[in-house]
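Subject: Structure handover and notes

Hello,

I am passing on the structure below, together with some notes on what was found in it. Please read them with the structure open beside you.

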Amino acid sequence: MLGAIAGDIIGSVFEKENHRSVEFPLFSRFSHFTDDTVLTIAVADAVLQRTQHPNYFIDRHRARKLYGGKIKQFGRQHPHAGYGTMFKKWLSSESVRGYNSYGNGSAMRVSPIGFAFHTLDDVLREARLSAIVTHNHREGIRGAQAIASAVFLARTNGSKSEIKQFIRERFSYDLEQTLDEIRPNYTFDSSCQGSVPQAVIAFLESDNFEDAIRKAISIGGDSDTIACMTGGIAHAYYGKVPSHIERQIKMILSGQFKSVIDRFRVRYL
């Protein structure tokens, strides 16, 4: 999941100041983590708790309590991370039921599930359970499952062509456009259906982890979230986050976040 967090932090300065090129400094004094990082950490912490009992059946009620509880815990600890309006209302409520969102919040936080579970069926099921606490719209669930399954396939030595074929056939996303075709007319779109395919395409066209992040940001739009989704897949596929990026990321993150990352890494990576 460190790849997803790297994408968020590197992309944080470009969300409102889109940069349609792969040439830019990776970090600046304005680089910071956003809601993407906070909620990825929350899901990772929930997964750590969840997989202590791998045979424990988790239904919707237990999923809401586990994933919804962790998301509320971390979200409330970081109330100014840049959440959407509907999520803020949900965060301040006592509800752990979804509000029919199809935004990309379900997809940007899901990468830990792709790293932690052992079968594709388990990943798809768990991604759905992590999404429905907020994003229970069909598109919100589909986006989370697409990113989680791409991470899983990348982690388990799936080729780019196999990942592309699965995502295209299972979720009916159009992955035939190139980044050069997307960039000129792409505008800010925080929906899953308007950002998840673009994030996957950025990964598919990449040559290495850093190149994947640069290409994701070059699309424009919701830059930090697209780079977050791309970063999770790229981390799984290329095997690690480069050390020069990891060092910068850890200088920005809190001790609490680094503790979750370290515990997650020990167990799953």
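E176 is partly exposed, with a relative accessible area of 47%, where partly exposed is the range between buried (under 20% relative accessible area) and exposed (over 50%), worked out with a 1.4 Å probe and protein chains only. Its salt-bridge partner is R168, and the closest N and O atoms of the two are 2.7 Å apart; R168 is partly exposed as well, at 33%. A salt bridge here is a side-chain nitrogen of Lys or Arg within 4 Å of a carboxyl oxygen of Asp or Glu, and by this rule the count comes to 14. Side chains of opposite charge can pair when their charged atoms come close.

Please keep in mind that this is a predicted model, in which local features need pLDDT of at least 70 and side-chain atom pairs count only at pLDDT 80 or more, while totals for chains, interfaces and linings use all residues. Residues are numbered from 1 along each chain as its sequence is written, and side-chain values use heavy atoms, with hydrogens and water left out.

In α12 (residues 209–218), E210 and R214 sit four residues apart, about one turn of the helix, and their closest N and O atoms are 2.9 Å apart; E210 is partly exposed at 21%, whereas R214 is buried at 16%. In α14 (residues 243–252), K250 and E246 are also four residues apart, and their side chains meet at 3.4 Å, N to O. Salt bridges that share partners join E246, K250, D262 and R265 into one network.

Most residues other than glycine have a negative phi.

As for the whole protein, the secondary structure comes to 15 helices and zero strands. Buried residues make up 59% of the 269 residues, and the C-alpha atoms fill a box of roughly 45 × 40 × 35 Å, taken along the principal axes.

Best wishes

Notes
Helices (H or I, at least four residues) and strands (E, at least two) are DSSP runs, numbered from the N terminus.
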